[in-house]
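Please examine the structure shown below.

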Amino acid sequence: MNKFNLLNENTSEKLFRTNSSIVEYVVIEEELQSLFEFCILLQESTIEKINNLSENCKEYEKEPRKKHEFDGIEFNNIDIIHGIKDFEIPSWNGILEFTVPMNQILLISILLEKSLKSLCAEYSLKNDSKYYGEYEVKIRKKNQQSTINSYLQYLEKNCEIEIPIDETLEYLNQNLRTIRNSFVHGDWNSIEKYSHEININDIFISTSILFEKIEFEYLKKNAT
């Protein structure tokens, strides 16, 4: 299976930063930054695990014939080296190249939907709450309509603003249901083709650009 792109720490410099300090955009900025840091931690801890296994191998290679016994079974360092090189390291490389990026992709898509829904609730004409986050909104989706599109259309209607999304998010939006279902239900081979098309760095950046557009259009409309 082809590997996905890994997350680049420099992408953090392109994450959404609010220009208004309005509470809903401050929350989005903070949550996006926290998620990015978590995704980096998930990736780095996996890389550290692989590096530790490689270092362990080097130590065992210093005394390849050294014998050990466990539960009456005798083995030597060569057997341990074989297990690490042929099984453990390839297994963890597979996690780094597929499982980690897939989790990152799903996590950012979840945050995107959650953040859009929070904006829909905040800008709902029925929202009579004095505090951010107290009002819950229920939005009906049209047949075959994605959750992301339903939230964007709701914002466009209630805020009277246009919210275009770029090719990266459009591609993710169109394939998100398939990706989620295939990953959750173990149909991982069917996700292989997306490794050519999806770059987790681009998704974080495109998500940031989307919120920048929403904030800009919202501020522009309410300034007139």
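The buried residues of α3 are covered by elements that include α2, α4 and α5. Here, contact means heavy atoms within 4.5 Å, and buried means under 20% relative accessible area, with exposed over 50% and partly exposed in between (1.4 Å probe, protein chains only). Helices (H or I, at least four residues) and strands (E, at least two) are DSSP runs, numbered from the N terminus. This is a predicted model, in which local features need pLDDT of at least 70 and side-chain atom pairs count only at pLDDT 80 or more, while totals for chains, interfaces and linings use all residues. Residues are numbered from 1 along each chain as its sequence is written, and side-chain values use heavy atoms, with hydrogens and water left out.

**Helix α3 and the residue after it**

- The buried residues of α3 are I148, S150, Y151, L152, Y154, L155, N158 and C159.
- Helix α3 has 13 residues and reaches 18 Å from its first C-alpha to its last, close to the 18 Å expected at 1.5 Å a residue; the expected span is 1.5 Å times one less than the number of residues.
- α3 is followed by E160, whose phi is positive, near 55°.
- E160 is not a glycine, and its place is in the loop between α3 and α4.
- Most residues other than glycine have a negative phi.
- E160 counts as exposed because its relative accessible area is 62%.

**Helix α4**

- Helix α4 has 18 residues and reaches 25 Å from its first C-alpha to its last, close to the 26 Å expected at 1.5 Å a residue.
- At N175, α4 bends by about 55°; the bend at a residue is the angle between axes fitted to the seven residues ending there and the seven starting there.
- Buried in α4 are L169, L172, N173, N175, L176, I179, S182 and F183, and the buried residues of this helix pack against α2, α3 and α5.
- An α-helix has 3.6 residues a turn, so residues three or four places apart point the same way.
- At the start of α4, a side-chain oxygen of D166 reaches to within 3.2 Å of the backbone nitrogen of T168. This is a polar contact, defined as a pair of N or O atoms within 3.5 Å; within protein, one must be able to donate a hydrogen and the other to accept it, and residues adjacent in sequence count only if both atoms are side-chain atoms.
- α4 is followed by G186, whose phi is positive, near 80°.

**The nonpolar cores**

- A nonpolar core is a set of buried Ala, Val, Leu, Ile, Met, Phe, Trp, Tyr and Cys residues joined through side-chain atoms within 4.5 Å.
- The largest such core has 47 residues, and those with the most contacts inside it are M102, L116, L155, F204 and I214.
- Two or more residues of this core come from each of α1 (23-62), α2 (77-122), α3 (147-159), α4 (167-184) and α5 (200-223), and α2 gives the most, with 11 residues.
- A second, separate core of 7 residues includes I50, L53, I81 and I84.

- M102 is in helix α2 and counts as buried because its relative accessible area is 0%.
- Not counting residues up to four places away in sequence, M102 touches F4, I179, F183 and I191.
- M102 and I191 are 89 residues apart in sequence and 9.4 Å apart in space, C-alpha to C-alpha.
- N201 is in helix α5 and is buried, with a relative accessible area of 9%.
- A polar atom of the N201 side chain lies 2.9 Å from the backbone oxygen of L6, and a polar atom of that side chain lies 2.7 Å from the backbone nitrogen of N8.

**Helix α1 and the segment before it**

- S21 lies in the segment before α1, and its phi is near 65°, a positive value in a residue other than glycine.
- At 56% relative accessibility, S21 is exposed.
- F38 is in helix α1 and is partly exposed, at 42% relative accessibility.

**Confidence of the model**

- The protein chain averages a pLDDT of 92, and 99% of the residues score at least 70; pLDDT is the predictor's confidence in each residue, from 0 to 100.
- Confidence is lowest in strand β1 (residues 67-70), at a mean of 81, and highest in α1, at 96.
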